[in-house]
Amino acid sequence: YRVETVDALLDWTRSGPDGPPRVAITIDDGYVDTHAVALPRLRERSLPATLFLATAPPETGRALWLDYLRSLFKHTHATSVELPSLGLGPFPLASDAQRLAALGRIAARLKRAGAETVDAAVDELSRRLGADQVPPVPVLPWAQVADIARGGITVGARTHRQYILSNLDVA
């Protein structure tokens, strides 16, 4: 495959794709491994890529809500959890499989919810599962985002907090 930028790949497909197969490298959200791992390897190989950046993590220093929930479920010492406000649970959390199943059910419900519901549920889960037990998920600061942009990676828009846009009101 010939590695192209997203824009070049789109232009190629619009013009009736001829020639060798092509591919674009994309990276979602933007965590520290984008800068520490992906950027040096892409630079070594002179490969273009696009980072679709969620802007809340560099702005706030905190992970996106779903990544935070994954970490919360992974590190909690709680043996069960429920979200009565959403009619979910109780879910046992004794094994990794049970934690993944509970996270999957809760995340599926929250992905269909608006921002206020997601934020309230994340706050409630933080209290119920012990947010003090969760190590911070390292996120890219703006300085590293700027270095990535100077390093040959195009920075594109994702969302701010990664809510599902069709579930949000216009405001």
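This is a short tour of a predicted model, stop by stop.

**The whole chain**

Along the principal axes, the C-alpha atoms fill a box of roughly 55 × 35 × 30 Å. The chain has 171 residues, of which 37% are buried. Among contacts with a separation of 6 or more, 68% join residues 24 or more positions apart.

**Helix 4 and helix 5**

Next, select residues 65-75, which form helix 4, and residues 96-111, which form helix 5. The axes of the two helices come within 10 Å and cross at roughly 155 degrees. An angle over 145 degrees counts as roughly antiparallel, and helix 4 and helix 5 are therefore roughly antiparallel to each other. Their crossing is right-handed.

Show the side chains where the pair meets. Helix 4 contributes Trp-65, Leu-66, Leu-69, Arg-70, Phe-73, Lys-74 and His-75. On the helix 5 side are Arg-99, Ala-102, Leu-103, Ile-106, Ala-107, Leu-110 and Lys-111. By type, the residues of this contact are nine nonpolar, one polar and four charged.

Which residues does Leu-125 contact, leaving aside its neighbours within four places in sequence? They are Leu-69, Leu-72, Phe-73, Val-81, Leu-83, Ile-106 and Gly-130.

**Trp-12**

For the last stop, go to helix 1, residues 6-14, and pick Trp-12 within that helix. Is Trp-12 buried or exposed? Its relative accessibility is 16%, and the cut-off for buried is under 20%, so Trp-12 counts as buried. Beyond its neighbours within four places in sequence, Trp-12 is in contact with Pro-17, Asp-18, Pro-20, Pro-21 and Arg-22.

Finally, draw a line from the C-alpha of Trp-12 to that of His-160. These two residues are 148 apart in sequence, and their C-alpha atoms are 30 Å apart in space.

Definitions and conventions:
Residues numbered from 1 in each chain as written. Predicted model: local features only at pLDDT ≥ 70, side-chain atom pairs only at ≥ 80, totals over all residues. Heavy atoms only, no water. Axes fitted to C-alpha atoms, helices over the stretch in contact; angles between N-to-C directions. Helix = DSSP H or I, 4+ residues; strand = E, 2+ residues; numbered from the N terminus. Parallel < 35°, antiparallel > 145°, perpendicular 65-115°, else oblique. Left-handed = near helix turned anticlockwise from the far one by under 90°. Contact = heavy atoms within 4.5 Å. Nonpolar A, V, L, I, M, F, W, Y, C, P; charged D, E, K, R; others polar. Buried < 20%, exposed > 50% of the residue type's maximum accessible area, 1.4 Å probe, protein only.
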